Amino acid sequence: GPERLELTTYQNQLSLIAESFRLTLTSILFSGRNGSRPRVVVLSSANPREGKTTVLSNLGIALAQADQRVLLVDGDMRLPRLHEIFSLENHVGLGEVLTAQASLSVLETKIPNLFVLPSGHRQDTGLLFKPELRSLLRRLKADFDMSPGLKGGNADPDYDYTFFPEIGAAAADAYQQADITNPRSQIAMAE
């Protein structure tokens, strides 16, 4: 298909943009406490269209290319896009799993080691703050090395690292002052 910015690290592996995502991933992976690799990374911003999905998909691709099993979890309950980017269905996903309407079923992408849990059809952003999400993330850690996904900007001790797609104090300040129930942000897990 046509080249997409969200897939640059896969479609144009030798580009400067792809290399930038790999370098960013390296920085994240070496940011762990006491020399450990972060298990959970949150990608977040206060507003839509700031590049969360682009950053998420490219970091996930870069990690999958490094022979890690990666699950992208689309928790953007209002405007999900990961299923479109990877040409997958969105009939059942995170919303249905969190409400016990469906069992966990991840979808394989055409990129080796890269999987997606789409958002599903539930548009209830309150699901992202239920204890079931924390339980699901713990369960996913057993099966995947990293699990980037969309998540409300919830500061949680289970997350080891926070990444702002628009690097800079203005973006960080906007996030700190934002409504933490904003559904437009993303998660990543690594071991």
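At what angle do helix H2 (residues 16-29) and helix H3 (residues 52-65) pack? Keep that in mind while you read these notes.

1. Ground rules. This is a predicted model, where local features need pLDDT of at least 70 and side-chain atom pairs count only at pLDDT 80 or more, while totals for chains, interfaces and linings use all residues. Residues are numbered from 1 along each chain as its sequence is written, and side-chain values use heavy atoms, with hydrogens and water left out.

2. The helix pair. H2 and H3 pack at about 80°, and their axes are 9 Å apart. (Helices are DSSP runs of H or I with at least four residues, strands are runs of E with at least two, and both are numbered from the N terminus; axes are lines fitted to C-alpha atoms, for helices over the stretch in contact, with angles from 0 to 180 degrees between N-to-C directions.) H2 and H3 are therefore roughly perpendicular, the label for 65 to 115 degrees.

3. Who touches whom. Contact means heavy atoms within 4.5 Å. On the H2 side you'll find Phe21, Arg22, Thr24, Leu25, Ile28 and Leu29, and they meet H3 residues including Val55, Leu59 and Leu63.

4. Strand E2. In a regular strand, side chains alternate between the two faces of the sheet. In E2 (residues 70-73), Val70 and Leu72 point one way, Leu71 and Val73 the other, and all are buried (under 20% relative accessible area; exposed is over 50%, partly exposed in between, with a 1.4 Å probe and protein chains only). E2 runs parallel to strand E4 (residues 114-117), joined by four bridges; strands pair if DSSP finds at least two. Leu72 has Val116 as its bridge partner in E4.

5. Gln68. Look for Gln68 in the loop between H3 and E2. Gln68 counts as buried because its relative accessibility is 18%. Beyond neighbours within four places in sequence, Gln68 contacts Arg37, Leu63, Asn113 and Asp145.

6. The aromatic pair. There is one, counting rings of Phe, Tyr and Trp (its six-membered ring) with centres within 6.5 Å. The ring centres of Phe115 and Phe144 are 5.6 Å apart and their planes are at 65°, so the pair is edge-to-face (over 60 degrees; under 30 is stacked, the rest tilted). Phe115 sits in E4 and Phe144 in the loop between helix H6 (131-141) and strand E5 (149-150), 29 residues apart.

7. Ser87 isn't a glycine, yet its phi is positive, about 55°. Ser87 is exposed, at 66%. Ala100 also has a positive phi, near 60°, and is exposed at 69% relative accessibility.

Note on methods:
Parallel < 35°, antiparallel > 145°, perpendicular 65-115°, else oblique.
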